Amino acid sequence: MKLRSVFTALALVLGALFAPGFGVLSSASDAQAATKISHATATSMFSSRGITWSSSGGCSNRNNPTCTSFDQLNLTSAQGAQTLRSASGCAMNITGGTETGHASGTYSHWNGYKLDFAKGTCLTNYIKNNFTYIGPRGDGYPQWQSGAGNLYADEGNHWDVTFYNCGGC
């Protein structure tokens with residue numbers, strides 16, 4: 001019986017150490033462990049909640065910076081957008097997804113963690129009135145953090161949102 005308790009404790013400790021985003025052994029490779037979805041799946045999810053999207057190039061090619069693509073978007077990012085739409089009740093238009101041309105990094109557009117949303121009074125008021133202002137980002141843009149930990153940066157003409165999770169979906 002003692003041996004089972006030792007193995008159970010060991011499993012719990014190892015689970016905590018290797019849990020993506022939580023353990024002490026977390027790394028940039030965790031960003032690649034997220035469930036990825038296709039452009040078609042994302043657009044279906046967005047349409048079902050009345051979320052629109054637009055592209056300056058009128059396209060969805062991930063390798064073209066003038067397109068708005070959702071290929072390789074994290075499922076939790078799409079769910080996070082749905083949660084934001086439901087919670088805010090605001091009209092939302094996505095202007096940037098996983099296409100090339102955005103800043104690099106572990107929690108980047110390319111890796112499926114970020115979406116850009118067009119600015120609107122409703123969405124801006126919702127973010128500023130419901131989330132916590134946490135100061136400027138490294139590049140100087142002001143940012144707010146939701147209770148779930150997602151980050152909302154005001155980049156002037158749009159909101160740059162980092163979805164670490166689905167926001168309570």
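Q: How many bridges join β7 to strand β8 (residues 151–154), and do they run parallel or antiparallel?

A: Three bridges join β7 to β8, and the two strands run antiparallel. Strands pair when DSSP finds at least two bridges between them. Before we go on, this is a predicted model, where local features need pLDDT of at least 70 and side-chain atom pairs count only at pLDDT 80 or more, while totals for chains, interfaces and linings use all residues. Numbering starts from 1 along each chain as its sequence is written, and side-chain values use heavy atoms, with hydrogens and water left out.

Q: Good to know. Which residue stands opposite glutamine 145?

A: That's leucine 151 in β8. β7 and β8 form a hairpin with five residues between them, and glycine 149 in the turn has a positive phi of about 100°.

Q: And on the β6 side, what joins β6 to strand β7 (residues 142–145)?

A: Four bridges, again with the strands running antiparallel. Tyrosine 133 stands opposite tryptophan 144 in β7, and threonine 132 has glutamine 145 of β7 as its bridge partner. The hairpin of β6 and β7 has five residues between the strands, and glycine 140 there takes a positive phi near 95°.

Q: Zooming out, what order do the strands of the open sheet take?

A: There are seven, in the order β2-β4-β5-β9-β8-β7-β6, with mixed pairing. β2 (52–53) and β6 (132–136) stand at the edges with a single partner strand each, so one side of each has no neighbour in the sheet.

Q: What does β2 pair with, and in which sense?

A: β2 pairs with strand β4 (residues 93–96) in the parallel sense, over two bridges. Threonine 52 has asparagine 93 in β4 as its bridge partner.

Q: Switching to helices: how do the axes of α2 and α3 cross?

A: The axes of α2 (residues 39–48) and α3 (residues 75–88) come within 9 Å and cross at roughly 15°. Met45, Phe46 and Ser48 of α2 make the contact with Leu75, Ala78, Gln79, Ala81 and Gln82 of α3, where contact means heavy atoms within 4.5 Å.

Key
Axes are lines fitted to C-alpha atoms, for helices over the stretch in contact, and angles run from 0 to 180 degrees between N-to-C directions.
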